[in-house]
Amino acid sequence: MEILQGENKFYVGNAASPDAEITFQHSGDAIVIDHTFTDPKLRGQGVAKALVERAVQYARDNNLKVTPLCSYARVVMERDPATQSLIK
């Protein structure tokens, strides 16, 4: 599975109509994750978690914190001790 980067998002599939995506906005010293979507045909395969991990890596690479407004992203980050310190 290839995770691609678009403008304020990471996605799988076609940019115009992705099979899965995570979207975010920049806000000061953080990115705000506001949406995660996975098409039903990909659910249960770890795609959404991989998208959260990719967004977290983007934040790390850019010395940013993460505000996970998306409930799924929040749960993933709160459960992983390695990402808890990035939550703003």
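The model is predicted, so local features need pLDDT of at least 70 and side-chain atom pairs count only at pLDDT 80 or more, while totals for chains, interfaces and linings use all residues. Residues are numbered from 1 along each chain as its sequence is written, and side-chain values use heavy atoms, with hydrogens and water left out.

Q: Why is the pair Glu21 and Lys9 called a salt bridge?
A: A salt bridge requires a side-chain nitrogen of Lys or Arg within 4 Å of a carboxyl oxygen of Asp or Glu; the closest N and O atoms of Glu21 and Lys9 are 3.6 Å apart, so the pair meets the rule. Glu21 belongs to strand S3 (residues 18–27) and Lys9 to strand S2 (residues 9–13), 12 residues apart, where strands are DSSP runs of E with at least two residues and helices are runs of H or I with at least four, numbered from the N terminus.

Q: How many salt bridges does this rule give?
A: The count comes to 4 salt bridges.

Q: What makes Glu21 and Lys9 buried or exposed?
A: Buried means under 20% relative accessible area, exposed over 50%, and partly exposed in between, with a 1.4 Å probe and protein chains only. Glu21 has a relative accessible area of 15% and Lys9 has 15% as well, so Glu21 and Lys9 are buried.

Q: What makes Lys88 and Asp29 a salt bridge, and which parts of the chain does the pair tie together?
A: The N to O distance between their side chains is 2.5 Å, which is within the 4 Å limit. Lys88 lies in the segment after helix H3 (81–84) and Asp29 in the loop between S3 and S4, so the pair ties together parts that are 59 residues apart in sequence. Lys88, at 51%, is exposed, whereas Asp29, at 41%, is partly exposed.

Q: What makes a set of residues a nonpolar core, and which members touch the most others in the largest one?
A: A nonpolar core is a set of buried Ala, Val, Leu, Ile, Met, Phe, Trp, Tyr and Cys residues joined through side-chain atoms within 4.5 Å. The largest has 22 residues, of which Phe10, Ile22, Ile31, Ile33, Leu51 and Val52 touch the most other members. H1 gives the most to this core, with 7 residues.

Q: Which residues is Val52 in contact with, leaving aside its neighbours within four places in sequence?
A: With contact meaning heavy atoms within 4.5 Å, Val52 is in contact with Ile22, Tyr72, Ala73, Val76 and Met77.
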